[in-house]
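Dear colleague,

I am passing on the structure below, together with my notes on it. Please read the notes beside the model itself.

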Amino acid sequence: MFGIRGITHPPPPIFVLREPLKKFFWEQEGGVYLNSAEWEFLATTIKGLEDVASGEIEELLGRRAEKIGEGKIKWSGKKEDAPIANYLARSIHRVIILLVNEKFVDLTDIYEKFASIGYSSYIAPEQSFAVVTRRKGRHNFTSIDVSREVGRAIIDSYLKEKRVRLGVNLDKPDVIVRVYVSDDRVMGGVDTTGQVSLHRRGYRVYQHPASLKTTIAYGLLRIADWKFEESLVDPMCGGGTIPIEAALYARGIPPGKFRKTEFAFERLTFMDRSIFEKVKSKKLERKLNLKIVATDASGKHINGAIENAKSAGVLDSIEFSVADARRMDLDFDKIVANVPYGIRMGSIERIGKLYGEFINNLLKHEWRRLVVIVGSDIFLREAQGKLKLIDLREIMYGDLRTFICSYERL
Ligand SMILES: C[S@@+](CC[C@H](N)C(=O)[O-])C[C@H]1O[C@@H](n2cnc3c(N)ncnc32)[C@H](O)[C@@H]1O
């Protein structure tokens, strides 16, 4: 838990798990699919949204997922989980077949842990590979040192197993092995997603200067516990990420549909291609009467948001218009917003004034829950005593420490 001085903390985070959204695979296969779970998966997500990601994996795959690190969750399943999660999940960034998840002492220890794995089940002799490492914590080695040691471990293990020396290709590898070092723990395995993270959906044609990650937008909707029949507004929608993600989610449009680059699992020889074809051919999309409103003070951003919604195929589900959040109608079931952080707005007083006026407008209207993502505690302070804080969590947005605050009316 973290502390913000002077802010009264609400009870622990709320996250409502829905009935498995699409039990289409494991249920239709008469439980066979569900029953065998011999693979371990690691998925990366936003630090602070691990519960949202675990809940979504549970809904999609019927598997219990758990947080195993900051921005990391794990579950046991079948290899078919990879195409399903990559194509359908809205809250995760990468899916990795987890091969190592252990505490380590030093670089030699990391080498040994990776050298003890047999890679011939994952990498074909003619395939090239690359190791990509992310490191957090204080160490006397760099990420590049880790990648080199793990690369050596993979080559040595393969030589022993198959008498073949695997080729390394750092630019266009057939197989990417991802390694995460965090303090004294090392995790790693075969990437099934690829170079392009899943949050880059591929529908964005207008780039707002302060656009929100799609995975966070989806997380905000889940934290707000938005139900598809409820009215929803994003009164500072910018390029429209939140309303577009809401419409995609409600209409069951797979986020992977817009991906412009291949998934890494498509190159993995042990993956059955027909599973991916089966996932893509499932009729998941539905027509729904949605009440999603998206407004922004800037006409330029609204035009951009309209282009983005068109590109995502959900323009007919969202009502866009130019409006000032300080004066507009805010009678909606749920209000979800990514308010300006103030970094570009110049002064703290100006951003405080905007927040204050927005909050005063909120007080004049009937709404059930407000979820905002903010870049400082200024919003929290402005709202104190006026709105009831029911959930507060800290998430890292790149290097920026941000807060997701959920409110109800007092
Ligand atoms: C952080 S951006 C939102 C980005 C958006 N979530 C996205 O992904 O593109 C905040 C937006 O608030 C808008 N804004 C600032 N003051 C406003 C006001 N008084 N009323 C409505 N919108 C406002 C800005 O034009 C900006 O587009």
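Predicted model: local features only at pLDDT ≥ 70, side-chain atom pairs only at ≥ 80, totals over all residues.

In which sense of crossing, left-handed or right-handed, does α4 pass α9?

Residues are numbered from 1 along each chain as its sequence is written.

The protein has 410 residues, of which 43% count as buried (buried means that 20 or more other C-beta atoms lie within 10 Å of a residue's own, exposed that 12 or fewer do, and partly exposed is in between, with C-beta atoms placed from the backbone). Its secondary structure comes to twelve helices and 15 strands (DSSP runs numbered from the N terminus, helices being H or I of at least four residues and strands E of at least two). Among the contacts in the protein with a separation of 6 or more, 78% are accounted for by residues 24 or more positions apart (a contact requires C-beta atoms, placed from the backbone, to lie within 7 Å).

**The crossing of α4 and α9**

To return to the question, α4 passes α9 in a right-handed crossing (right-handed if the near helix is turned clockwise from the far one by less than a right angle, left-handed if anticlockwise). Helix α4 and helix α9 (residues 273–281) pack at an angle of about 35 degrees, and their axes are 9 Å apart (axes are lines fitted to C-alpha atoms, for helices over the stretch in contact, and angles run from 0 to 180 degrees between N-to-C directions). On the α4 side the contact involves Pro-83, Ile-84 and Tyr-87, which meet Ile-275, Phe-276, Val-279 and Lys-280 in α9. By class, the residues of this contact are six nonpolar, no polar and one charged (Ala, Val, Leu, Ile, Met, Phe, Trp, Tyr, Cys and Pro count as nonpolar, Asp, Glu, Lys and Arg as charged, and the others, Gly among them, as polar).

Helix α4 is largely enclosed by the rest of the structure, because eight of its eight residues are buried; Asp-81 and Asn-86 are among them.

**The eight-stranded sheet**

Helix α4 (residues 81–88) also lies across β1, β3 and β4, where its direction makes about 120 degrees with β4. These strands belong to an open sheet of eight, with mixed pairing and the order β2-β3-β1-β4-β8-β7-β5-β6 (two strands pair if DSSP finds at least two bridges between them). Its edge strands, each of which pairs on one side only, are β2 (66–69) and β6 (167–168).

Strand β1 (residues 39–44) pairs with β4 (residues 94–103) in the antiparallel sense over four bridges, and six bridges join β1 to β3, again antiparallel. Ala-43 stands opposite Ile-73 in β3 and opposite Val-95 in β4, while Leu-42 stands opposite Ile-96 in β4. Helix α3 (residues 50–61) lies across β1, β2 and β3 (72–77), at about 20 degrees to β3.

Strands β12 (residues 334–338) and β13 (residues 369–374) pair in the parallel sense over five bridges, and Ile-335 stands opposite Leu-370 in β13.

**The ligand shell**

The ligand is surrounded by 21 residues, the closest being His-208, Met-236, Gly-238, Gly-239 and Thr-241 (a residue is near a molecule if its C-beta atom, placed from the backbone, lies within 6 Å of it). The shell divides into ten nonpolar, eight polar and three charged residues.

**Two backbone angles to check**

Asp-183, in the loop between β7 (175–182) and β8 (185–191), has a positive phi of about 50 degrees although it is not a glycine. Asp-225, in the loop between α7 (214–223) and β9, likewise has a positive phi, near 55 degrees. Asp-183 is partly exposed, with 13 other C-beta atoms within 10 Å, and Asp-225 counts as partly exposed with 16 such neighbours inside 10 Å.

With best regards

How values were computed
Contact = placed C-beta atoms within 7 Å.
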